Amino acid sequence: HDLTEEVARVYGYHKLPSVLPAGPLPVSARPPEPAVTVFGWEDRCRMVLAGAGATEVMPYTLTSRETIERCGFTIGQCVTLENPLSEEFALLRPSLIPTLLPIIAQNQEHAPKGMVFEMGKVYIPQNENPKPKIQSSKYRGREVGLPREEMRLLVSTYGRMVSGGHVMQLKGIIEHLLEQLGVANATFRRSEQCTSFAPASGQM
């Protein structure tokens with residue numbers, strides 16, 4: 001192609017006849033569909049939620065004892081860093097709730113109403129070591145009780161709304177997401193993980 005273009009340039013583009021192409025267009029074989037990976041599912045979730053009007057947030061996975069307890073969790077549910085850089089970042093979150101709620105509180109000063117979501121990892125202490133301590137620097141070859149990492153999705157709405165409005169909006173968003181992912185016959189139940197929220201707060 002480069003040689004043909006160079007010959008045409010030397011010969012002169014203005015000397016070439018202006019003739020529209022005729023005949024059927026060439027059709028190439030359709031490439032095979034790429035395999036759906038874990039990252040593919042995550043990207044699909046992000047696209048569906050963003051299309052529904054939600055904004056993705058990406059907070060730190062570390063949080064403080066005060067935030068953990070304020071959200072209804074206990075220190076025993078968390079993985080504690082042995083030498084944290086700050087008390088504000090001393091615990092690995094056991095849920096997405098403790099790191100998402102402060103962001104919502106800050107955003108309400110600028111946007112009184114909205115919908116946000118996060119897709120990130122939480123860290124669950126292993127049963128044989130309910131409160132492992134992990135060095136924030138290198139492990140230096142010693143044995144440590146590593147937590148179980150789980151990828152989770154949290155969608156939240158905030159702002160003034162009629163009673164039960166948040167629940168119905170979130171339920172509709174999740175049903176739409178599951179439909180786009182090809183998941184059928186999903187059921188909803190009240191969460192028992194955190195009991196510090198009001199009964200009508202929309203926690204599912």
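The following exercises, each with a worked solution, concern a predicted model.

**Exercise 1.** Classify the aromatic pair formed by Y60 and F89, and state which parts of the chain the pair ties together.

*Solution.* A pair of aromatic rings is described by the distance of the centres and the angle of the planes. Step one is the distance: the ring centres of Y60 and F89 are 5.4 Å apart, and the cut-off for a pair is 6.5 Å. Step two is the angle: the planes stand at 80°, and angles over 60 degrees count as edge-to-face. The pair of Y60 and F89 is therefore edge-to-face. The count for the model comes to 1 aromatic pair. Step three is the location: Y60 belongs to the loop between β1 (55–56) and β2 (62–63), while F89 belongs to the loop between β3 (79–81) and β4 (91–92), so the contact ties together parts that are 29 residues apart in sequence.

**Exercise 2.** Decide whether Y60 and F89 are buried, partly exposed or exposed.

*Solution.* Residues over 50% relative accessible area are exposed, and those under 20% are buried. Y60, at 61%, is exposed. F89 has a value of 33% and is partly exposed.

**Exercise 3.** Describe the setting of α1 (2–11) and the residues after this helix.

*Solution.* Begin with burial: of the 10 residues of α1, the number buried is 1, so the helix lies largely in the open. Next, α1 is followed by G12, which has a positive phi near 115°. Y13 is then found in the loop between α1 and α2 (38–51), and with a relative accessible area of 48% Y13 is partly exposed. Finally, Y11, Y13 and L16 make a nonpolar surface patch of about 320 Å².

**Exercise 4.** Identify the rings over which the charged end of K15 and the residue R44 lie.

*Solution.* For K15, the charged end sits over the ring of Y11, at 5.3 Å from the ring centre. For R44, the ring is that of W41: R44 lies over its face, 4.9 Å from the centre.

**Exercise 5.** Determine which elements supply the largest nonpolar core, and state what other core is found.

*Solution.* First, list the members: the largest nonpolar core has 12 residues, namely C45, V48, L49, A54, M115, F117, M119, V155, L170, I173, L177 and L181. Second, assign them: α2, β5 (114–124) and α5 (165–181) each supply at least two residues. The largest share, 4 residues, comes from α5. Third, turn to the remaining core: a second, separate one has 7 residues, among them F73, C78, L91 and I97.

Terms used. Residues are numbered from 1 along each chain as its sequence is written. This is a predicted model: local features need pLDDT of at least 70, side-chain atom pairs count only at pLDDT 80 or more; totals for chains, interfaces and linings use all residues. Side-chain values use heavy atoms; hydrogens and water are left out. Rings of Phe, Tyr and Trp (its six-membered ring) pair if their centres lie within 6.5 Å; planes under 30 degrees apart count as stacked, over 60 as edge-to-face and the rest as tilted. Buried means under 20% relative accessible area, exposed over 50%, partly exposed in between (1.4 Å probe, protein chains only). A charge sits over a ring if NZ of Lys or CZ of Arg is within 6 Å of the ring centre and within 35 degrees of the ring normal. Patches are made of residues with over 30% relative accessible area and no salt bridge: like charges are joined within 9 Å, nonpolar side chains (Val, Leu, Ile, Met, Phe, Trp, Tyr) within 5 Å. Accessible areas come from the Shrake-Rupley method with a 1.4 Å probe; for residues, only the protein chains shown count as cover. A salt bridge is a side-chain nitrogen of Lys or Arg within 4 Å of a carboxyl oxygen of Asp or Glu. A nonpolar core is a set of buried Ala, Val, Leu, Ile, Met, Phe, Trp, Tyr and Cys residues joined through side-chain atoms within 4.5 Å.
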